[in-house]
Amino acid sequence: MTIQIMVVDDSAFMRKVISDQINKIPNLSVCVTARSGEDALHKLNKVKPDLITLDIEMTGMNGLETLEKIKTEFDIPVIMLSSHSGEEMTITCLEKGAMDFVEKPANLSDIEESFTLELGSKIKSIVPSVEVKPVMKQVSDNKGKAFPTQIKAIVIGASTGGPKALMQLIKCIPESLKIPIFIVQHMPKGFTKSFSNRLNQEASVEVVEATHGEMIRPGVVYVAPGDYHMRIDGRTIQLSEEEKIHSVRPAVDPLFHSASKVYGKHLVGVILTGMGSDGTDGMKVISENGGFNIAQNRETSVVYGMPRRAAELGVVDEVLSLDMIGTKIDWMIRVKQ
């Protein structure tokens, strides 16, 4: 099946650039382009693409306004195309229902292969072209495993669909939080600062973008900065620019691995919506060290990739809806910290 894409951008040159890149990708095809939000809405009455790429910064109706109209009038997934000047708007778009975003190429005359690969993989993860096989294994082999009597830290990993999910979960954290929570959300440099600020506005506790070498404080939520892996080393946070893992930086696995060494059986790992397998190996280590693992279920995941891989490996102790994960986090903080 060929996935049909609408490209919306107020620059004719950018529409051609994006269209050319999409048409290079197997099983993807641009079926229509639009020069503005108004033009896109008009054409959507006649053409029904499988997915829309939408520029954030447009004259007239901007990307956010267009997204809100699309979400109201059409049931079509949207990926935002963003630049660093549109960081705040990008986070708002994710909160309002955009599935994901991709940074616009910095050099339009020599587009890096990584841009095309990222765009293609995100489109295909959101609009699967083949039927997904059922998960072979849903929970850990250790079915009688009890929840820790005390928890000393929570680690959370997410990718596609994660910003909106985390925006929901952050509201579930009570003011009584006395343990640290660490989050890795696959997101480029610069955007994580805006994202952590937005989470902080919504939360009853302090949310910060982590910095290298800082002392870990109880009752604080730390977000890994874009382009840096985040690890826990004793009582400090360590950031590194070493090679990407699973083609991403930050990756979930380094956080899960290192946190498990520090907190052992008192650690809870949570894996949320996202494509790929990042976090699965980290959850394996958490499980081996006696910690407890929770995965988001298929029904509430935008992309059931990361939770699925962990469940298939048999290192997940509970599979829960996003609402139930929020309830569980609230409970464990009030009762188990």
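The legends below describe several views of a predicted model of one protein chain.

View 1. Along the principal axes, the C-alpha atoms occupy a box of roughly 60 × 40 × 35 Å.

**View 2. The surface and the charges of the chain.** Of the 337 residues, 57% count as buried, while the accessible surface comes to about 14400 Å², with 49% of that area belonging to carbon and sulfur atoms. The chain carries 38 positive and 43 negative side chains, and the centres of these two sets lie 5 Å apart.

**View 3. Helix α2, residues 37–44, and the elements around its buried residues.** The buried residues of this helix are G37, D39, A40, L41 and L44. An α-helix has 3.6 residues a turn, so residues three or four places apart point the same way. The buried residues of α2 pack against the strands β1 (3–8), β2 (28–34) and β3 (51–55), and also against helix α3 (63–73).

**View 4. I154 in the largest nonpolar core.** This core has 59 residues, of which I154 and L272 touch the most other members. Leaving aside neighbours within four places in sequence, I154 is in contact with I179, P180, I181, F182, L267, V268, V270, M332 and I333. Another core, of 30 residues, lies apart from the largest one and includes L255, F256, L267 and V315.

Terms used: Residues numbered from 1 in each chain as written. Predicted model: local features only at pLDDT ≥ 70, side-chain atom pairs only at ≥ 80, totals over all residues. Heavy atoms only, no water. Buried < 20%, exposed > 50% of the residue type's maximum accessible area, 1.4 Å probe, protein only. Helix = DSSP H or I, 4+ residues; strand = E, 2+ residues; numbered from the N terminus. Contact = heavy atoms within 4.5 Å. Areas by Shrake-Rupley, 256 points an atom, 1.4 Å probe, with all protein chains shown as cover. Lys, Arg positive; Asp, Glu negative; His and termini not counted. Charge placed at Lys NZ, Arg CZ, Asp CG, Glu CD. Core = buried A, V, L, I, M, F, W, Y, C linked by side-chain atoms within 4.5 Å.
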